[in-house]
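Student: I'd like a close look at one part of this model, and then a walk through whatever sits around it. Could you take it slowly?

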Amino acid sequence: MAAITNSWATRRGIGALAILFWLAMAALPLLGKIYPSESFDYYMFMGQSMMVYAIAVLGLNLLTGFNGQISLGHGAFFALGAYVTAILMNDGNWPYWTTLPVVAIVCFGAGFLFGFPALKLESHYLALATFTLAIAVPQILKHKAIAGWTGGVAGLVLEKPDAPFGLPLSPDQWLFYFCLIVAMVLFWAAFNMLRGRSGRAMMAIRDHGMAAGTMGIDTSLYKTITFGISALYTGLAGALSAITVAYVAPDSFALPLSIAFLVGLVVGGISSLSGCLIGGIFLVLVQNWSQSLSDWMKSTFDLRYDVPSWAIYGVLLLLLMYVMPTGVAGGCGRLYRFITQRRAR
Amino acid sequence: MQEPLLSVRDVTVRFGGVVALDEVSFDVHAGQIVGLIGPNGAGKTTLFNCLSRLYQPSSGDILFEGRSLLAIPRHRIAAEGIGRTFQNVALFDRLTVLENIMVGRHSQTQSSFLANALRLPSVVAEQKGARDRAMELIEFMELRGYVDWPAGGLPFPIRKRVELARALAAKPKLLLLDEPAAGLNHEEVHILEGQIRRVRDTQDVTVLLVEHHMSLVMSVSDQVVTVNFGRKIADGTPDEVKRHPEVIRAYLGTAA
């Protein structure tokens, strides 16, 4: 029966995937220590980006997948988080980790405030309103009036911190673990929220707003708080990105970033926590693969022109959506059920 | 006589020029099952929606335990002790049966987002309480086989039972049932009749139901209120109402 998409058995099956992801991430720098090589730094960078994207997608998922509000502008909150961190580190000489609580508060506040007009807007109209955020924010960041803080078009270059407590790690390795710890804490908190009273209320609003109100849920308050938490998550992802990349510039937060979060969300699986991890992996891999696939096609078929990597990205996305219309998490869930049901027979 | 649990006083609802309810008044006493009947479009559901604060009456007042409901926002109604079901069954389709019923505990619990995110011991205890109450109702409504099923894919009569269990989760004093028999077959209506009595007797709740199914209303109710074209035309025991000339005219359309 198609309706059993989120029975607990399925969720548990996908949960195993998530544990695998965290273990693999924790092992990655250690492997690099055992077998040092140039390419390991690159792998670590990819792993780090996956975690950052996964957190950002989780932020969007809390809003869209679990609360039913759509956003095409989450890149704006990512940018806000990144810039708050960058400015505090650059102008205020704050240690990198002390900026995270500030980012959390600022982004929650921004999301919460944006949640109020969002209350009046449903589906398409909300999509359009959030879309304006994605368009406006990079332009605002470039503006002359605040270029003193933001560095204008050139952006800001940051310093990578050394590992604390004399740990035998390079700055990159340390930042990787820092990222990993923050990501795990954030996923753990989201998992707790979703399996508790607040998560049930969020999902109840998504499924039937009027009935949720009758159950005693203050739907307006819950929707605005969810918007705030969603922005907080995506903002923290932005902050981590700024710290680990050690560079922020307005053009990296343009519209394609917001769209990428949405793609990660849909590909990974809407309303699935593990789906956010898959979304993060997908966003990083597909960028790499479509470029190398494009190069490979050019050389193998002796083409005179480059195959645009965006076109390959599009085709990959189309194929994936055709094979797994409910995202990879949904697809794995179906596969898991298929196997367990066959065994039961 | 003891003060009524619910007192509807001269409630009028206008939608533009249409008068959906015209100075309707009646009382519901604690421990009773009260049926609200009337032909299609008579204003029964409109009245229900006033009680759960989905509509604001143009005039009149609704008193619950002596206090006006009209000063209370919609999401506080559940905490006041009023639960309801919907005519077309309004479940949270992607949540499981257990989760649906646990949402029904929302008004009786208070843990915050932050406490939930940190999974504080108080949250764990509260969650266990909500779960225990939900499991109790799952037993009560005989839903054991459906605990972990998403509500969306269940057969209609089961969905109705889930909705009733969800409404009971908060231990309401007054339960509003909007056409509980709609879409049920003869046998299921018979089961429902027993369930409504059992709910009143064992869950310590007063029931107000809107219903088209005459034989159900007449057999289960202690008191029947009849409305037609937004006005109350009869109010009394089932026997009195059955013999009331206005009621007969409303239902049989006898020429006046």
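Student: How many residues does the contact take from chain A, and how many from chain B?

Tutor: Bear in mind that this is a predicted model. The contact draws 29 residues from chain A and 36 residues from chain B. On the side of chain A that touches chain B, the elements giving two or more residues are α7 (171-195), α8 (197-207), α9 (209-214) and α10 (219-245) of chain A.

Now over to chain B. Here six strands make an open sheet with mixed pairing, in the order β6-β7-β8-β3-β9-β10. At the edges are β6 (82-84) and β10 (231-236) of chain B, each pairing on one side only. From one strand to the next, the twist averages 20°. Within this sheet, β7 (residues 174-178) and β8 (residues 206-210) of chain B run parallel and are joined by five bridges. Pick L176(B), for example: its bridge partner in β8(B) is L208(B).

Two helices of chain B to look at next pack on the sheet. Helix α7 (residues 186-203) of chain B touches β3 (33-37), β7 and β8 of chain B, and its direction makes about 150° with that of β8(B). Helix α10 (residues 245-252) of chain B touches β9 (223-228) and β10 of chain B, with its direction at about 125° to that of β10(B).

One last stop is S68(B), which sits in strand β5 (residues 67-68) of chain B. This serine counts as exposed because it has 12 C-beta neighbours inside 10 Å, and the cut-off for exposed is 12 or fewer. Beyond its neighbours within four places in sequence, S68(B) is in contact with D61(B), I62(B) and L63(B). S7(B) is 61 residues away from S68(B) along the chain, yet their C-alpha atoms are separated by 9.3 Å.

Terms used
Residues are numbered from 1 along each chain as its sequence is written. Chains are lettered from A and ligands numbered from 1 in the order in which they are written. This is a predicted model: local features need pLDDT of at least 70, side-chain atom pairs count only at pLDDT 80 or more; totals for chains, interfaces and linings use all residues. Helices (H or I, at least four residues) and strands (E, at least two) are DSSP runs, numbered from the N terminus. A residue is buried if 20 or more other C-beta atoms lie within 10 Å of its own, exposed if 12 or fewer, and partly exposed in between; C-beta atoms are placed from the backbone. Two residues are in contact if their C-beta atoms, placed from the backbone, lie within 7 Å. Two strands pair if DSSP finds at least two bridges between them. Axes are lines fitted to C-alpha atoms, for helices over the stretch in contact, and angles run from 0 to 180 degrees between N-to-C directions.
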